[in-house]
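Please consult the sequence and structure shown below alongside the text.

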Amino acid sequence: MALLLAAVWTPLLALTGVSATRSRPLNLLAVRQLYGLNGLLWSVLIVVAVIGLLVVMPPLPEGTEPVNGAFLGLEQYAWWHGPQRLWILIALAGGICEVVLSVVLARSWKRLRPNSAALWCCTALLVVPLAVTGFAGQRAFCPEVAPADGPMLSACALMALCGLGVCAATGLIWLLARRNRDAFGRDYYAFAARRYARIAGWSALATLLGLMVLLVIMLPLMSGMALTPESVSLAALRDSVSAAVLRLPERLWLIPALLCAPLLAELAFVLIVRDAVPMRRKLAMLGGWLCLVLTVLLFARLLCGLA
């Protein structure tokens with residue numbers, strides 16, 4: 001889940017960086033590194049998706065004749081003969097296009113750099129396979145999406161916001177991994193580290209505040225109570241907490257963990273931003289990234305329990 005959110009936000013961060021190159025030329029170097037990060041994330045995501053399709057997805061029941069013929073041994077899987085086959089292949093093709101475009105842009109970066117319009121257009125192309133992959137994935141695995149109610153829709157928006165922080169924190173880790181190889185200079189790394197830390201920090205703070213509000217709204221749902229205007233009172237809230245403690249003790253540990261993880265991430269990113277040499281805060285970068293990833297995983301676990 002965290003890998004998917006980071007892969008979704010990386011092309012958008014690159015596009016934003018290109019738009020800000022006139023005000024800060026160092027953004028060009030950040031965009032160059034985001035191309036490489038985007039290619040790596042989508043490569044790993046494709047590998048994970050292929051492994052899931054070949055290992056996790058159910059096989060064709062014994063005695064059932066394949067209806068789509070043999071092709072690289074895929075006829076033994078049920079999804080190959082289902083209506084989602086086309087959309088799965090389109091999603092994989094979109095991910096492959098994302099990798100290819102990222103590699104091409106990373107290698108052609110010096111040629112595109114003098115022409116801001118061409119750089120902006122080529123970077124915008126990364127969003128096209130991203131949209132295709134998202135639409136095809138939704139059609140393949142969620143063909144009939146039920147209309148979401150208010151709390152669940154807010155939870156999905158909060159998950160996307162947390163994904164922005166995960167992507168920025170992943171950019172910090174990528175800075176550490178590419179520092180010796182790219183060698184863009186001390187000024188760039190100080191600028192990029194503070195930029196990513198600010199984005200991740202604001203995302204962690206917004207996620208923390210959103211979780212505090214959303215958990216109060218979701219407590220009646222966790223306890224099995226109907227969400228009505230009367231259930232928002234303090235007495236109803238106290239009753240819903242008591243009911244949640246009695247009915248769902250195995251899931252209540254998620255609440256303090258969900259509040260502590262983004263708080264610790266926020267503290268780590270504040271340390272990075274306030275440091276005169278932010279690149280030496282390696283433990284803070286790794287700790288903030290881990291806390292945001294943990295927030296995504298815990299939040300997904302809570303939402304799966306409520307679904």
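**Helix packing and overall fold**

Helix H3 passes helix H6 in a left-handed crossing, a term that applies when the near helix is turned anticlockwise from the far one by less than a right angle, with clockwise giving right-handed. The model is predicted: local features need pLDDT of at least 70, side-chain atom pairs count only at pLDDT 80 or more, and totals for chains, interfaces and linings use all residues. Residues are numbered from 1 along each chain as its sequence is written, and side-chain values use heavy atoms, with hydrogens and water left out.

**H3 and H6**

- The axes of H3 (residues 85-107) and H6 (residues 127-141) come within 8 Å and cross at roughly 160°; axes are lines fitted to C-alpha atoms, for helices over the stretch in contact, and angles run from 0 to 180 degrees between N-to-C directions.
- H3 is therefore roughly antiparallel to H6, the class for angles over 145 degrees, whereas under 35 is roughly parallel, 65 to 115 roughly perpendicular and the rest oblique.
- In contact (heavy atoms within 4.5 Å) are residues of H3 including Trp87, Ile88, Glu98 and Leu101, and residues of H6 including Pro129, Phe135, Arg139 and Phe141.
- The residues of this H3 and H6 contact divide into 13 nonpolar, four polar and two charged; Ala, Val, Leu, Ile, Met, Phe, Trp, Tyr, Cys and Pro count as nonpolar, Asp, Glu, Lys and Arg as charged, and the others, Gly among them, as polar.

**H1 and H5**

- H1 (residues 2-19) packs against H5 (residues 116-124) at an angle of about 165°, with the axes 9 Å apart.
- This angle makes H1 roughly antiparallel to H5, and their crossing is left-handed.
- Ala14, Leu15, Val18 and Ser19 of H1 meet Leu119, Trp120, Thr123 and Ala124 of H5.

**Helix H10**

- H10 (residues 254-274) has 21 residues and spans 31 Å from its first C-alpha to its last, close to the 30 Å expected at 1.5 Å a residue, where the expected span is 1.5 Å times one less than the number of residues.

**Whole chain**

- The chain has 11 helices and zero strands; helices (H or I, at least four residues) and strands (E, at least two) are DSSP runs, numbered from the N terminus.
- Of the 307 residues, 43% count as buried.
- Among contacts between residues at least 6 apart in sequence, 76% join residues at least 24 apart.

Notes
Buried < 20%, exposed > 50% of the residue type's maximum accessible area, 1.4 Å probe, protein only.
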